Amino acid sequence: MNQQNTRAMQERFAQAVAERERRQAKKLMAQRGYRDEETGEWVGGLLAFIRYYWHILEPGTVFRDGWALEAICEHLEAVTFGEIDRLLVNVPPGFMKSLVTDVFWPAWEWGPMDLAHLRYVAFSYSASITERDNDKFGVLIGSPEYQRMWGDRVKLRKRGQGEVSNSKHGRKFASSVGGVGTGERGDRVIFDDPHNVKDSESLTVLPETVRWFREAMSNRLNDMKTGAIVIIMQRVHEADVSGTIIEEGMDYTHLMIPMEFDWDRVTDPDTGEAIPNGFGWVDPRWQPERDDCDGELAWPERFDEKEVARLKKDVGPHAWAGQYQQTPKSRGTSIISREYWQLWDDSDGKFPPFEYIVASLDSAYTKDKQNDPSGFTMWGVFRNERGHRRIMLIHAWRKRLILHGPKVVKKPNEHVSMYRRRAMPHWGLVEWAADSCSRFQADKLLIEAKASGIDVANEMRRLHAREGWDIELVPVSQDKVSRAVAVQPTFSQGMVYAPDRQWAQDVIDEMDVFPKGRWDDLTDSATQAIKHLRAIGMASSDEEAIAEERENVKPKKKMKPLYPGMRAT
């Protein structure tokens, strides 16, 4: 056999091997991904598609597998198979969210999943982002490698940054928040990075983006029953699009991957079990014991400990908390940081004896969800083992309530506790405030002297004047931030305690992000109470208390008579 024939045979053999591999790859891509029990590797589906075509879009970058990437692909596949129709994904920067969601996934649906008729409308805070991804999408779809495998299903008709379309009437349109694509509809609406990080704290841009999401983007589906909306972003603010979805309980499956694992966020405090998301997915880092997994990295193959440490230092605490940990905070140091609070160990279920108890109400009676809720906090003053005064948060709630609820008549011989449980769902703001003051034996109820507060105070005095607590209307003389700054030393000096309760955590969380958080009612209530305690001398620092004690025990100096014959006092 001559050398020419040998070379020809080798080429035919190589072609046969390549064709066999191509067919195997095609079969793997056209199915759902799964984890091989023997090898532990993720096989098939969208991730196999990404691995196969990675070199076309990222020829100079090494592809790195990771469970975080698997999780994103698994959830997008669930959208394709009709199991999820609203998906919210929060992942750190660098997790390939745009490339996977706005480039590879649509190309996978058109080709391997034989859904070339699907239409996509992609939005971002800037059209340049979606147009960039449309360009990459067009490059991938038009590549010889893609066309060789899926060209019988996907024949391009138009390829541009603004729009890519095929012969089966499928198309992918790129636009932005408030852009020309607002009137476009699709079978898939992709919202990739709704917010510009630079505008994340703009009190004008942020709510406008959220409003656009609610009013314009959410009705861009061709069919509300069969279409799907996918939002993928990093957190930038408590009141961003993700915050709105979570706060209002919108029906979205939420995939949240912080760079460093936070055990408390995904563990049920009552059962100690992991909390799955709406798709049943649980962060694979979770272990029954916090110490076995807390702080574990999400994608060490791509971001190792050294790189993460560098990122933390470079981006700063604000960006790290929001963009990387998905727990957005206000920029800079909090006025009243969560680190200032002291934990009260109430394992025995008891508080210390209190010298004085004050309740504080920031009122806004209404049931309208567009308006602010009312915030109520209760504080007790006690003495520690050294005899120094300390302050305890002993109760709190935030509710949207009308001024008065309908009256519920007590049944004959009905126990007070049974009556209370039956009446509670019908209470208004007056009833809730009165019940809290009564149960915790408040000495005083503070109410901010604004229009709604004056109404509440008048009703409280009319109905509960003889129930043991004074009612004081507090005039507003400073703005909210100034009031928080004024009481900050009381917190920073370690004088304020709180028990390990969810209602206490709500107060701590809100105050930690004030004034850039969604709510400020509990903060206003808290600063009003602490300011009152300082004014009446019950929130003095240890140094002030010691100086006062010394002054009290110090012998008084004898005064000389001003005039002869007068006795000194």
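Student: Why is R310 called partly exposed in this predicted model?

Tutor: R310 has 40% relative accessibility.

Student: Why does E307 count as partly exposed?

Tutor: The relative accessibility of E307 is 25%. Buried would need a value under 20%, so E307 counts as partly exposed.

Student: What makes R310 and E307 a salt bridge?

Tutor: Their closest N and O atoms are 2.5 Å apart. The cut-off is within 4 Å, so the pair qualifies as a salt bridge.

Student: How are R310 and E307 placed in helix α9?

Tutor: They are three residues apart in helix α9 (residues 305-324), which means a separation of about one helical turn.

Student: Why is E163 called buried?

Tutor: E163 has a relative accessible area of 16%. Buried means under 20%, so E163 is buried.

Student: What makes E163 and K158 a salt bridge?

Tutor: The N to O distance between their side chains is 3.6 Å. That is within 4 Å, so the contact counts as a salt bridge.

Student: What makes K172 and D102 a salt bridge, and which parts of the chain does the pair link?

Tutor: Their N to O distance is 2.9 Å, and the limit is within 4 Å, so they form a salt bridge. The pair links distant parts of the chain: K172 lies in strand β7 (residues 171-174) and D102 in helix α4 (residues 97-110), 70 residues apart. Both residues are buried.

How values were computed. Residues are numbered from 1 along each chain as its sequence is written. This is a predicted model: local features need pLDDT of at least 70, side-chain atom pairs count only at pLDDT 80 or more; totals for chains, interfaces and linings use all residues. Side-chain values use heavy atoms; hydrogens and water are left out. Helices (H or I, at least four residues) and strands (E, at least two) are DSSP runs, numbered from the N terminus. Buried means under 20% relative accessible area, exposed over 50%, partly exposed in between (1.4 Å probe, protein chains only).
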